[in-house]
Amino acid sequence: MIELKDIEKYYASKGVKSYILRHVSTTIKQGEFVSIMGPSGAGKSTLLNILGMLEEPTYGSYSFMGEDVTTLNERKRIELYRNHIGFVFQAYHLIDEMTVEENIEAPLLYKKVPGAERRSRVADILDRFNMVAKKDLFPNQLSGGQQQLVGIARALVAQPSIILADEPTGNLQSAQALQIMELFKKLNEEEGITIIQVTHSEVNAAYGSRILHLLDGVIKEDVNL
Amino acid sequence: MLKLNLKIALRNLWKNKLITTINVGGLAVALASFILIIMYANYETSFDKENPNYDNIYIVGITYPEFKTYYTAAPFAKAIEQNFPEVESVGIIKGSSFELAIKNGKNTLFTNNILQADYDAAKILNITPEGGLIKPTGDVERLSYLSKESMKTLFPDKKDNKPEMVGFGASNLGITGIIAGSIKKNLHSNFTFDGVSIANELGEGDNYDMNDFSIYLQVKPETNLAGLEQKITDLYRVELLKGKTGQQLIDEVKGISTFLDPLSNLHLKPKAGNNAPYKILIALSVLGILILVIASINFTNLSIAQATKRAKEVGIKKVLGAYRFQLTTQFLVEIFMQCFVATILALILAELVLPNFNNLFQTHLSIWRIDNDLSWQLPLILTVITVIAGIYPAMVLSGFKPAVVLKGNFSSSKQSYWLRNGLLVFQFSVAIVFIIGLFIINSQLKYMSKEDLGFTANEVVYIKNITIFNDPVKFEPVRERILRIPGIKSATVATFIPGGENGVNSYTANGLKANIDFVDVDFDYFKTLEIKLKEGRFFSNDFKTDTANAAVINESAVAKYGIKSPIGQIIRGCNIDYKIIGVIKDFKTQGFENAVQPTIYAIKDPCGGYKMQIMLKIEENKMAEALATLKAQWLEINPKDGEDFRYEFLDELYGKLFKKQEQLQSMFFAAALLTIFIAILGLFAFAKYITNGRIKEIAVRKILGAADVQILKLINRSFFIMVVLANIISWPVAYLLTKMWLGTFAYRIDLSLLPFVASAIITILLTVLTVTVQAAKAVKANPVDALKYE
């Protein structure tokens, strides 16, 4: 599904190149649950951003579902966001002015899903996440774990084939973190959704099927669990 | 989606209630003033526009070496008509300046202005009585029409439009005439009148020395105007020289030319006349636009301040699959909503202010008219301000890259630093220019009300009169009767009153020939007006020659002719050798805008005008009784004027010269207050955001041991620098503008540093105060609260 070949990323400042990623090559297949691990500054988030096409690599090629995406225009990239990619953030990044229901509904609006279907899909997800009672609350009225659930629900509602999660449990207490990880595992196993997460936690990584260890921008280890 | 976006926008606005109110309120006030200005501009630029031949009508003017005028001789109209085929039609009109009483039994009407027009002029100028324009029969018949209002006064019960018999002047004169019907008075025209009198031909016996008509041309479309102008000039010179010889005359005529002034120029910027209304209109429009821009800047600045927060929203929406243009639209819709609400509020505000505005500018504007140009201008303005105010959030915010803004510590303040501070400085610069302007206008007006005019208009009553008193012998009994009334100190009669225009004639003295002002007076003229004598003496009954060839001139005339010791010298005009018996100090008959003109005062002047303007000096405390007695006895005192005693106070008449300036002052006062108000509102909201954004920094500094004052200083510093910068920018601008304005006065104040310093102090104080009020809240807060959340 994802094929990275010799990805490099560096910033040039005053003639000195400071590398974030070096010679990163890997393949991620449909249905994998990959955790990217490594110390701070290893380039984990940058790699995830490149995978999510939020950043462009300085060098190298990246093909997503058989299509070279390094040269993709904005319109095509946004089509991919609408149909294939769901994002989950450490800081949740819900829109503060929208209720839980509206936050979940937003991607469907951009995807131009008809009203009736939109409502049933949002209702479905709310039901599945046990949040029907909270649908009219605003993000700041929810706990962190609940906000992250909304974040994940929002990513799922558009039925993506892959979820990119940047430290999804970084701001959560361990009980809540556990719940999120269980959810990821279930989504991966039951619905076949590809998941790539960045995490610091060995525990979290253990939920996945594969671990990429990054150190100073280089893949040091690629472990299949 | 639109619904959701609207919902988000509303929640966002609700969350920032105060700032939204400030933004929308400020914009509404600015828009209201702009709406008024646009309406005023529409009104002022569309005089006579309903005339179907608006674009093809011209007035013929004459350029003399010293001045330009629209007064021409009646025969010239004929000459133009006969010579130039491209001129479709030629008409002449003449206004009347004296007051005429028209009577029907007990009902009396005083008309100030009966317009005389020939049939062609009425046709060209679209002067149409009720029931249509009728061609008078023969050469003598005149068809007179009175305005509807006047008709109502004379014939309160009249329903039809049939001709009526009326009396003219005092009833004992027994002059009667027929009023053919009524005519709608159009105030939105260059030709306003109490009534019109239409003849087939006017000025038939006139020659080229009698320049008392105005000629209007209707030319064929696509006429070459410059060519026609030249041809008319050539024709005029030929006509002037017809049957005359002499090199001197030929040279003189060479210096005279004609010009054509389009009807569209006539109201605002006549070539022969004052273009002050046009300048005021331009100034007003600039003021209106500036106020609007300043209010729009508030939007942009607050959008910038909010950018950090909105950036996150942009990032999220982008990764959820929003196209950039969808975000652009969303921001524009948000701004549009606010602008729309502001427009509604502005219309309400404008409606509330309109009566005052109409009063100030003597107009009859109304917002709610279908044919109003406002109906297309307002949506246009709404669109323009939406774009101006929304351009930054729509273009810049929507372009943020999600990877950058979603990282968490994004701050847009660095990128927009220059834009936002630049806008703030601009706002303040404009406000400062207005404040300085206001100060200077104020002190000039104060100067004008305090400065010695050289004469006293107080306690002088000007009596309207239609009896001609050119011969002092005829006025003598009238004066005697008047002076018998207790409280009346002196009485005189003259051709012109101070505050009105004087006549101009050619006089020669000291070997120099020049056109100077003349006023034909009677005894006691100088005494009545308390004009000061410089040397010699005033007119006196004791000298028999005073009524024959004595003249008093003013200082300016002495200077103009360069006369060394003027008393006893000769000044020649109208075939009379006048002996100068006195020199008076200059007095400001024309207000402060025009320099005092060289003027000659004489009792006898066959070339002058009619002495009809009676002026009386009356003791203040006996004023009411004296006026009552005059009214009661007027028929005996001045039988020809009849029972209609009408008067005005000279100081009020003279005060009309200052009306335009007072309008300007009120306008400027409002504009200055508005800009300052809107700018301060913007600053207030902006300071609130800035301090909110720096709450963490303030908390850290406090923990590190900074005192409250130090923090206040820190926050104030950048604003302080901006205000000082704005002052530096606006001083030269204000200097140039006010200098230009003062240049329109012949008598004016010197520019001092005071207004500049004062405006600097005011703006700096206001800024520091506004910012400190905002910052104080952040400073007082417990640092722990600010640092708790990470």
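A: We can start with a sheet in chain A, where four strands form an open sheet in the order S2-S1-S4-S5 with antiparallel pairing. Keep in mind that this is a predicted model.

Q: Which strands of chain A stand at the edges of that sheet?

A: Strand S2 (16–28) and strand S5 (67–68) of chain A do. Each has a single partner strand, so one side of each is left without a neighbour in the sheet.

Q: What holds strands together in general, and over how many bridges do S1 and S2 of chain A pair?

A: Strands of a sheet pair through backbone hydrogen bonds, either parallel or antiparallel. Here, strand S1 (residues 2–13) of chain A is paired with S2(A) in the antiparallel sense over nine bridges. To find one of the pairs in the view, look for A:Ile7, whose bridge partner in S2(A) is A:Val24.

Q: What is the order of the six strands in the open sheet of chain A?

A: The order is S6-S7-S8-S3-S9-S10, and the pairing is mixed. Strand S6 (85–88) and strand S10 (218–224) of chain A are the edges; each has a single partner strand, so one side of each lacks a neighbour in the sheet. From one strand to the next, the twist averages 15 degrees.

Q: In which sense do S3 and S9 of chain A pair?

A: Strand S3 (residues 33–37) and strand S9 (residues 210–215) of chain A pair in the parallel sense, over four bridges. A:Ile36 stands opposite A:Leu212 in S9(A).

Q: Which strands does helix H1 of chain A lie across?

A: Helix H1 (residues 44–51) of chain A lies across S3, strand S7 (162–166), strand S8 (194–198) and S9 of chain A. The helix runs at about 150 degrees to S8(A).

Q: What does the UniProt record list for chain A?

A: An unreviewed UniProt entry places "domain: ABC transporter" at residues 2–225 of chain A. In the model that span is 35% helix and 29% strand, and its end C-alpha atoms lie 19 Å apart.

Q: Now chain B. How many residues lie between S4(B) and S5(B) in their hairpin?

A: Two residues lie between them, and B:Gly105 in the turn has a positive phi of about 60 degrees. Strand S4 (residues 100–104) and strand S5 (residues 107–111) of chain B pair in the antiparallel sense over five bridges. Within this pair, B:Ile102 stands opposite B:Leu109 in S5(B).

Q: Which residue in the turn of the S15(B) and S16(B) hairpin has a positive phi?

A: B:Asn510 does, at about 55 degrees, in a hairpin with two residues between the strands. Strand S15 (residues 503–509) and strand S16 (residues 512–520) of chain B run antiparallel and are joined by seven bridges. B:Tyr507 has B:Ala514 in S16(B) as its bridge partner. S16(B) also pairs with strand S21 (residues 599–602) of chain B, in the parallel sense, over four bridges. There, B:Asp520 stands opposite B:Ala602 in S21(B).

Q: How should I read two helices that pass each other? At what angle do H13(B) and H20(B) cross?

A: Look at the distance between the axes, then the angle. The axes of helix H13 (residues 417–450) and helix H20 (residues 659–693) of chain B come within 9 Å and cross at roughly 150 degrees. That makes H13(B) roughly antiparallel to H20(B), since angles over 145 degrees count as roughly antiparallel. The crossing is left-handed. Residues that make the contact include B:Phe434 and B:Leu438 of H13(B) and B:Phe668 and B:Ala672 of H20(B). By class, the contact has 17 nonpolar, seven polar and no charged residues.

Q: Where does UniProt list a "transmembrane region" in chain B?

A: The unreviewed entry lists several, including residues 21–43 and 753–773 of chain B. In the model, residues 21–43 of chain B are 100% helix, with the end C-alpha atoms 32 Å apart. Residues 753–773 of chain B are 95% helix, and their end C-alpha atoms are 30 Å apart.

Q: Finally, how many residues does each chain give to the contact between A and B?

A: Chain B gives 18 residues and chain A gives 21 residues. On the side of chain B, the elements that give two or more residues are helix H1 (2–15), helix H9 (276–319) and helix H12 (402–405). That side has 11 nonpolar, three polar and four charged residues.

How values were computed. Residues are numbered from 1 along each chain as its sequence is written. Chains are lettered from A and ligands numbered from 1 in the order in which they are written. This is a predicted model: local features need pLDDT of at least 70, side-chain atom pairs count only at pLDDT 80 or more; totals for chains, interfaces and linings use all residues. Two residues are in contact if their C-beta atoms, placed from the backbone, lie within 7 Å. Ala, Val, Leu, Ile, Met, Phe, Trp, Tyr, Cys and Pro count as nonpolar, Asp, Glu, Lys and Arg as charged, and the others, Gly among them, as polar. Two strands pair if DSSP finds at least two bridges between them. Axes are lines fitted to C-alpha atoms, for helices over the stretch in contact, and angles run from 0 to 180 degrees between N-to-C directions. Angles under 35 degrees count as roughly parallel, over 145 as roughly antiparallel, 65 to 115 as roughly perpendicular and the rest as oblique. A crossing is left-handed if the near helix is turned anticlockwise from the far one by less than a right angle, and right-handed if clockwise. UniProt positions are given in the numbering used here, feature names are shortened, and annotations may be inferred rather than shown by experiment.
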